[in-house]
Amino acid sequence: MVELAWLIPVLPMLAAAWIGVVYVIAGNRGEALEKSTSRIAIAAATLSLLLILVIDLLALVRGAPGQIAFGSWLSSGVYEIRISFTLDTLGLSMATLVALLSLLTLRFSVNYMHREDGFQRFFMILSLFMGAMLLLVMAGSAMLTFIGWELAGVSSYLLIAYAFDRPTATANATRAFVTNRIGDASFIIAIVLSLFWLGSVEWPDILACGGVLETLKVGLILSCFLLAALVKSAQVPFAPWIARALEGPTPSSAIFYGALMVHAGVYLIIRLAPLFELIPELMLLLAVLGAITALYGLLAGLVQTDTKSALIFSTTGQVGLMFLECGLGWFSFAAWHLAAHAAWRAYQFLSAPGLMHLMGRSNRPVPRWLQHRRWLYTASLQRFWLDNIANWLLIKPVRYLARDIQSFDQQVVNRLVGLPGSASAVSSLAQWEQFKVGEAGRVVGDSGDVGRGRGVAGRLMEGVAVLLQWFEEHLVLKGGDEGIFNLIQRLGRNLEKVELLLSQPRYLFLLILITFIVIL
Amino acid sequence: MPLLTLLLLLPAIGAVLISVLPGQQIRVIRAVALSAAAAAMLLSWGLLSMFDTGVAGLQFFEQVPWNPRLGTSYALGLDGFSLPMVLLATLLCFITLLASRSIRERVKWYFVLVLMLESAMLGVFMAQDWTLFYLLWELTLIPLFFLIDRWGGRRRHQAALNFVLYTMGGSVFMLISLLVLFDVTPAHSFAMASMGDGARTLPEHTQVLIFFGFLIGFGVKMSIFPIHGWLPLAHVEAPSPISILLSGVLLKMGSYGLIRAATMLPEAIAALQPLLAGLALFSLIYGGLLAWRQSDLKAMIAYSSVSHMGIVLLGIAAFNIAGLTGAVMQMVAHGLVAGALFLLIGLLYERTHTRDVNDYSSLMQVTPRFAFFTSLALLAGMGIPGTAGFIAELHAIIGGFERWGWLMLLVSVGMLISAAYSVRTIGRLFTGPVRPRMRDIQDLRATELTAAGVLATAIILLGIAPRPALELMAASIRQLSANFAGL
């Protein structure tokens, strides 16, 4: 049974692929065919869940299977990356949680997304996300975890931009995705460092690296993983992206930011718990950042006026608490907290749309103590200016730099390589052609530019070519053939003269005389 | 009848047959010429099927003593160097005849001359005796002189005379070298094998002097800088079908001869290696830059031939297995590519009566077949992977790299230049705004399509599956490069 574990993440991904392919060939479009789509997704999710439950049962009886290798993905020199799963208690319980919540959300979405435009798209992405999350929590190596990590990020991006015709949705999706890339980059660095120093990215090997490597290197690898976790779980200072992520449909918010993806960072920390215990400084950092995020979530949540925003800040706060627990060394407690929070928050998010109808009264007002502290109130309302600080610190300088580089490119590089000065001046090929074609149909400014070079290299080439052409014409061609003709003609003329002279008797006589003298 | 003699005589028999036919029977004449060339082509392919690639030495060898006192004999044979050339020559001659529809005056004598030329060229590649080689070498001049002089373009007289003067000037040096070699050879024989044995025992400076004679003689034909002066004019002024033969086969006679001479004089090659490599690299870049400067399409292809023959010379100069393989492969590849280009440009010229690249535009829409085949040939000339040119250049560069290391970067400069003019030409001919003059051009007709298709198929086949061709020449190349293992 355990040998079939690889099917668990693959089944939802296959469902996603199936939905996508059938959509492309127009097999499931339209309202009437919604059922076929949702059935496929739900069936795959159910199968995955059942498989996990069976493995869970086996694990209860015989103990968790632990690390299982299914084969080698790629190997180059001494490096080998295996396809392996870590089916320990943490991996299995997380996988069960993921599968269960995903299945419930999928089922919920059948009604919620009914008659929505992107029904098929939604189910496809949600299935993909489910597969990605399952891969993330079950993977036996940092590399496979990263694949799940990235796929989850991509599906998050796609669902935030679900209503891609709305500029805010796409802008927020981009913002969330780009912020996540910071964490992804550091995840990749961590993988590279492990490969470089350990020669392996299997979780057991990484966890055992404390005995192999010196503390500084362990700390470096761990900090990279930590940064990735902080970003994915929207901790301070990366917290703001998650508030923007609520643009997607509510079920997706529930599963991504309420229940599952936001906890991926916590999962990563718990997975790396043995290493964190080696380095107290990082534990302290975890605790401090967790505490700050918890406060941030609390304060920002209190001043929100709509349910979803209040929920998301509350989530951030709770995840911050989990980080704090990890920082204090209570990893199992954090894991329990994670599971309970995920289930509860998913329920809250999914019931949020109906909440208004159920409650019938307006939101709870901002507490009195917060109202009196003006500066704190403002700061909470502004979410502690984290977005603005990021804008000011990162985005603006990058934007200016990009502008400068572009102008450098246009002014200097384009001229050097001989491209037209400003690429933006001509926006389409048709325009370019119109610009080049004159009235008579003759290409203007282009007549006979054979052998004409543009740019520094082109000019150099042109110069050398002109020189060589001169050489060719004057020395090889004229000097060669025409020169030979002239020479032959001149020789011929001179010989004719000699002949003429010789034909006169006196010179003939002289010649004979000379011959005789020479002979004698 | 011995096979090689039959191959040598087949085109000649065709020529004799045509010369007794009445001149008005153009169809019959063309049919006879085509069938003679086709028979020669089929026979050469039959030889290929009988050829044993494991043997390095001569095969199908036949010898009849000619003048025992002088040590001359009528000797023919094929090895891994000559068989590819024979195949190339028979193929290109057939293509030439297919493409000769535009010749409308004095058709009879035109075909007679082309077939005579084919016989002489095949003889050059098959001859195993230097007197026979020299005789046939000079014999190629006579039909070519008349072909250029009678059916050529505006400056045809000058071009024809020029061509003959240059080649004969070179031949004189070759003849002197041959006579010196004959004199020092103890066996006093002109047979290639025994002459080579004698020559290899000579001291180095004598070898170098003798080799210079060959270098000039063959270099003229191969159009090495600076003795390539005949080439641009002759290629431009020759009638288009003859340009196919000129650059496709005639240039290869030079490099083939050079390889034969190098076999005899290994120490000279070793001593002159830097000079040869320098000449090769300079030809490569010189030809490329001049090709880039030409707006006349035929002149452009002519100069690109100088550039491509530079790669052949480079491979010969490297004289290791990879280099020689590259050289022979490039001879074949360039024969096919230049043949295809001259064929297509010639056909285009028939339709538009202009060879100036600036006059062309947007042929992609009017003549898609032209566009496809010409682009393919130009890209193959650039050495795009998947074409014969790539295999050749790759081998030549590897061979050169083993000898001279990073100097081979200059070759990539040459490639860049060839990319510059090739892509420029493709862009000029086939893209851009539609011009009224270029609106009604007929696309390739069936026979022309066959000719171009055969060449294109060969280019791509050799590029994708070069192994059979490489194996064909491998044994001879291994044997030859073994001479140089210690040098």
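**Assignments and their grounds**

Student: Where is the kink in H6(A), and what makes it one?
Tutor: In this predicted model, the kink is centred on A:Ile182 and amounts to about 25°. The bend is the angle between axes fitted to the seven residues ending at a residue and the seven starting there, so about 25° at A:Ile182 is the angle between two such axes.

Student: How does the reach of H6(A) from its first C-alpha to its last compare with the expected value?
Tutor: Helix H6 (residues 167-198) of chain A has 32 residues and reaches 45 Å, close to the 46 Å expected at 1.5 Å a residue. Just after H6(A), A:Gly199 takes a positive phi of about 75°.

Student: Which residues of H6(A) are called buried, and on what ground?
Tutor: Among them are A:Asn172, A:Ala176, A:Gly183, A:Phe187 and A:Ser194. The term requires 20 or more other C-beta atoms within 10 Å of the residue's own, so each of these residues, being buried, meets that cut-off. The cover over the buried residues of H6(A) includes helices H5 (142-160), H7 (203-207), H8 (215-232) and H9 (240-244) of chain A.

Student: What makes S1 and S2 of chain A a pair, and in which sense do they run?
Tutor: Strand S1 (residues 66-76) and strand S2 (residues 79-87) of chain A are joined by nine bridges in the antiparallel sense. Pairing requires at least two bridges, so with nine bridges S1(A) and S2(A) qualify. The bridge partner of A:Gly66 in S2(A) is A:Leu87. Two residues lie between the strands of this hairpin, where A:Gly77 takes a positive phi near 60°.

Student: How many residues of S1(A) are buried?
Tutor: The count is zero among its 11 residues, and S1(A) is hardly covered.

Student: Why is H4(B) described as largely enclosed?
Tutor: Of its 20 residues, 18 are buried, so the rest of the structure largely encloses H4(B). Across chain B, 58% of the 487 residues count as buried.

Student: How do you know that the span of H4(B) agrees with its number of residues?
Tutor: Helix H4 (residues 107-126) of chain B should span 28 Å at 1.5 Å a residue, and its end C-alpha atoms are 29 Å apart, which agrees.

Student: Which residues touch the most other members of the largest nonpolar core?
Tutor: They are B:Ile316, B:Ala340, B:Leu344 and B:Ile459, in a core of 190 residues. Helix H14 (residues 321-352) of chain B gives the largest share of this core, 20 residues. Apart from it lies another core of 128 residues, including A:Ile19 and A:Phe256.

Student: Where in chain A does pLDDT stay under 50?
Tutor: That holds over residues 439-447 of chain A, for which the model has 13 contacts beyond four places in sequence. Where pLDDT is low, predicted coordinates should not be read in detail. Chain A averages a pLDDT of 86, and 92% of the residues score at least 70.

Terms used
Residues are numbered from 1 along each chain as its sequence is written. Chains are lettered from A and ligands numbered from 1 in the order in which they are written. This is a predicted model: local features need pLDDT of at least 70, side-chain atom pairs count only at pLDDT 80 or more; totals for chains, interfaces and linings use all residues. Helices (H or I, at least four residues) and strands (E, at least two) are DSSP runs, numbered from the N terminus. The expected span of a helix is 1.5 Å times one less than its number of residues. A residue is buried if 20 or more other C-beta atoms lie within 10 Å of its own, exposed if 12 or fewer, and partly exposed in between; C-beta atoms are placed from the backbone. Two residues are in contact if their C-beta atoms, placed from the backbone, lie within 7 Å. A nonpolar core is a set of buried Ala, Val, Leu, Ile, Met, Phe, Trp, Tyr and Cys residues joined through C-beta atoms within 7 Å. pLDDT is the predictor's confidence in each residue, from 0 to 100.
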